[in-house]
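Please read these notes with the coordinates open.

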Amino acid sequence: MAKDRTAILNRLKRIEGQVRGISQMVAEDRYCIDILNQMQAVKAALSKAESEILKDHAACCVSEAIASGDAAEQRIKFNELIDMFEKVKK
């Protein structure tokens, strides 16, 4: 998982750089469509990072709860996912 975490952190650092670039574009009064295109790229990159973290959560936290046989822990992990997806829909 450390390798996956490093990849996610690297992705987030690139996103951070992209956001700084967008701020610079706004400060320089660059063409709106160019700024919007960069914003779409950041949103796509964040979506990819989110997907990787979700996969990691399913592979570790959720699978451990299932393997434990602890029904309460399984419900907690399941409810966490449901709550997260409900927030995304709003």
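1. Basis. This is a predicted model, in which local features need pLDDT of at least 70 and side-chain atom pairs count only at pLDDT 80 or more, while totals for chains, interfaces and linings use all residues. Numbering starts from 1 along each chain as its sequence is written, and side-chain values use heavy atoms, with hydrogens and water left out.

2. Overall form. The protein has 3 helices and 0 strands, where helices (H or I, at least four residues) and strands (E, at least two) are DSSP runs numbered from the N terminus. Its radius of gyration, 18 Å, is well over the 12 Å of the globule rule for 90 residues, so the protein is more spread out than a compact globule. That radius is taken over C-alpha atoms, and the rule is 2.2 Å times the number of residues to the power 0.38. Along the principal axes, the C-alpha atoms fill a box of roughly 55 × 30 × 15 Å.

3. Of the 90 residues, 14% are buried (under 20% relative accessible area with a 1.4 Å probe, protein chains only; exposed is over 50%, partly exposed in between). Among contacts (heavy atoms within 4.5 Å) with a separation of 6 or more, 54% join residues 24 or more positions apart.

4. Core. The largest nonpolar core consists of 6 residues: Ile15, Ile22, Met25, Ile35, Val42 and Ala45. Such a core is a set of buried Ala, Val, Leu, Ile, Met, Phe, Trp, Tyr and Cys residues joined through side-chain atoms within 4.5 Å. At least two of its residues come from each of α1 (2-27) and α2 (32-68). Not counting residues up to four places away in sequence, Ile22 touches Ile35, Gln38, Met39 and Val42.

5. Helix α2. The end C-alpha atoms of α2 are 52 Å apart, which agrees with the 54 Å that its 37 residues should span at 1.5 Å a residue (1.5 Å times one less than the number of residues). At Ala58 the helix α2 bends by about 35°, the angle between axes fitted to the seven residues ending there and the seven starting there. Gly69, with a positive phi near 75°, follows α2.

6. Lys77. Which residues does Lys77 contact, leaving aside neighbours within four places in sequence? They are His57, Cys61, Val62 and Ala65; of α2, the buried residues include His57, Val62 and Ala65. Lys77 lies in helix α3 (residues 71-89) and is buried, with a relative accessible area of 15%.
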